[in-house]
Amino acid sequence: MQIIVEYARAYLIIMNKQEWAKTLYFDGFAGSGLIEVEEDEVAIKGTSLRILDIVLPKPFDIYYFVEKNAKFKLALENKINSDYFGRNAHVIQADCNDKLISMADFLKRNKKFRALVFIDPFGMTVNWNSIKILKGLGIDLWILVPTGLGVNRLLKKDGKISDSWITKLEHFLGLNREEIINHFYKNQTAHTLFGEVNSIEKEKSCINKIGELYRQRLNTIFDFVSESFVMRNSNNSIMYHFMMGTNNPTALKLANDVIKPKYKL
């Protein structure tokens, strides 16, 4: 939250100097606006409300919040209507993939708009085809990639990945089965009493390799991709890589400055 909010503040300062430009903020998994806390604690504002709190030098021209859960969608809508009345904010109950496609169409038709996009999916629910459609548009895309929590768990050590898991990996990474296996596994030959036995072995440091692969994939859509902010759990295990794709070199520098200090890979 701190990274995306700090970036949004700097983004609006820059965009405020572009008199011709209109700004759009798109959140693909907006939630209810509040983060759950202990019963006796004050509720914590989530990213969507923190972005709405930014008023200087100006708010975004349009806010577009996508939330698939009907209860969360209604809660965020009520909060915006009561505390942020007058903002050009839209809360839509829908699938993020569908709305990314709709946003791409909107930006193609409305050339003056520039979009700041934030995607922090639950699991591997954002398909690569939904990212690919953003190519060539005026978008700064921040995405939370579930490298350790998602992709790595599907890459079985022995390479025996079920068809359903391979399909999920294909949709998320935009690669086919053979490309996935070749990238994350290497062939091993063991000499035994009964001759050679061939097998495949999962690459070491696989989670970091997933993060770097996704950066490379984003770089086929955007001219520049930021360094990754590596998010770990209490056991120091990597859970996510958080990164930004952009077509603007100034935005790249800004993103890398905001990311620091970051975890070392």
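Reader: How do the axes of helix α7 and helix α8 cross?

Author: In this predicted model, the axes of helix α7, residues 163-173, and helix α8, residues 177-184, come within 9 Å and cross at roughly 90°.

Reader: OK, and which residues in α7 and α8 meet?

Author: On the α7 side they are D163, I166, L169, E170 and L173, and these meet R177, I180 and F184 in α8. Sorted by class, the contact of α7 with α8 has five nonpolar and three charged residues, with no polar residues.

Reader: Switching to the rings, how many aromatic pairs are there?

Author: The count comes to 13 aromatic pairs. One of them joins Y7 and Y11, whose ring centres are 6.2 Å apart with the planes at 35°, so this pair is tilted.

Reader: Where do Y7 and Y11 sit, and are they buried or exposed?

Author: Both belong to helix α1, residues 2-16, and because they are four residues apart there, about one helical turn separates Y7 from Y11. Y7 and Y11 are each buried.

Reader: What about W128 and Y214?

Author: W128 and Y214 form an edge-to-face aromatic pair, with 5.6 Å from centre to centre and 90° between the planes. W128 lies in helix α5, residues 128-132, while Y214 lies in helix α9, residues 206-218, so the pair ties together parts that are 86 residues apart in sequence. W128 is buried, and Y214 is buried as well.

Reader: Which residues do ring pairs link into a cluster?

Author: The cluster linked by ring pairs consists of Y7, Y11, Y25, F60, Y63, F65, F118, W142 and F242.

Notes: Residues numbered from 1 in each chain as written. Predicted model: local features only at pLDDT ≥ 70, side-chain atom pairs only at ≥ 80, totals over all residues. Heavy atoms only, no water. Axes fitted to C-alpha atoms, helices over the stretch in contact; angles between N-to-C directions. Helix = DSSP H or I, 4+ residues; strand = E, 2+ residues; numbered from the N terminus. Contact = heavy atoms within 4.5 Å. Nonpolar A, V, L, I, M, F, W, Y, C, P; charged D, E, K, R; others polar. Phe/Tyr/Trp six-rings, centres within 6.5 Å; stacked < 30°, edge-to-face > 60°. Buried < 20%, exposed > 50% of the residue type's maximum accessible area, 1.4 Å probe, protein only.
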